[in-house]
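Below is a short report on one protein model. It goes from the overall form to single side chains.

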Amino acid sequence: MNSKHTERWEELRQKSPSCATEYLRICTIMDKAQEHFNSFKKECEGWLDNIYKIEVEKYERRRNV
């Protein structure tokens, strides 16, 4: 949770504890979603690198035949 959300959560905790709980729950889900997205993005980068390398190697082999 970044500082903006931490500050807002603190304020909500004092003014509306039930809303603060929901706010914290959403922040937690958002952080988890970001972690999953980052993992997926890393995996996609690997796939793209592999596709590129394989196709460039195929092209080079055909040129050298």
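Of the 65 residues in the protein, 9% are buried, where buried means under 20% relative accessible area, exposed means over 50%, and partly exposed lies in between (1.4 Å probe, protein chains only). The model is predicted: local features need pLDDT of at least 70 and side-chain atom pairs count only at pLDDT 80 or more, while totals for chains, interfaces and linings use all residues. Residues are numbered from 1 along each chain as its sequence is written, and side-chain values use heavy atoms, with hydrogens and water left out.

The protein has two helices and zero strands; these are DSSP runs, numbered from the N terminus, of H or I with at least four residues for helices and of E with at least two for strands. The radius of gyration is 23 Å, well over the 11 Å from the globule rule for 65 residues, so the protein is more spread out than a compact globule. This radius is taken over C-alpha atoms, and the globule rule is 2.2 Å times the number of residues to the power 0.38. Along the principal axes, the C-alpha atoms fill a box of roughly 75 × 15 × 10 Å. The C-alpha atoms of I54 and K15 are separated by 58 Å, with the two residues 39 apart along the chain. I54 is found in helix α2 (residues 17-64).

The accessible surface comes to about 5900 Å², and 57% of it belongs to carbon and sulfur atoms. Areas come from the Shrake-Rupley method with a 1.4 Å probe; for residues, only the protein chains shown count as cover.

There are six salt bridges, a salt bridge being a side-chain nitrogen of Lys or Arg within 4 Å of a carboxyl oxygen of Asp or Glu. The table lists some of them.

| Salt bridge | N to O distance |
|---|---|
| R13 and E10 | 2.9 Å |
| K32 and E35 | 3.7 Å |
| E55 and K58 | 3.4 Å |

R13 and E10 are three residues apart in helix α1 (residues 3-15), which places them about one helical turn from each other. K32 and E35 have a spacing of three residues in helix α2, again about one helical turn. R13 is partly exposed at 43% relative accessible area, and E10 is partly exposed at 29%.

How many disulfides does the structure hold? It holds zero, a disulfide being a pair of cysteine sulfur atoms within 2.5 Å. The closest cysteine sulfur to that of C19 is in C27, and the 11 Å between them is too far for a bond.
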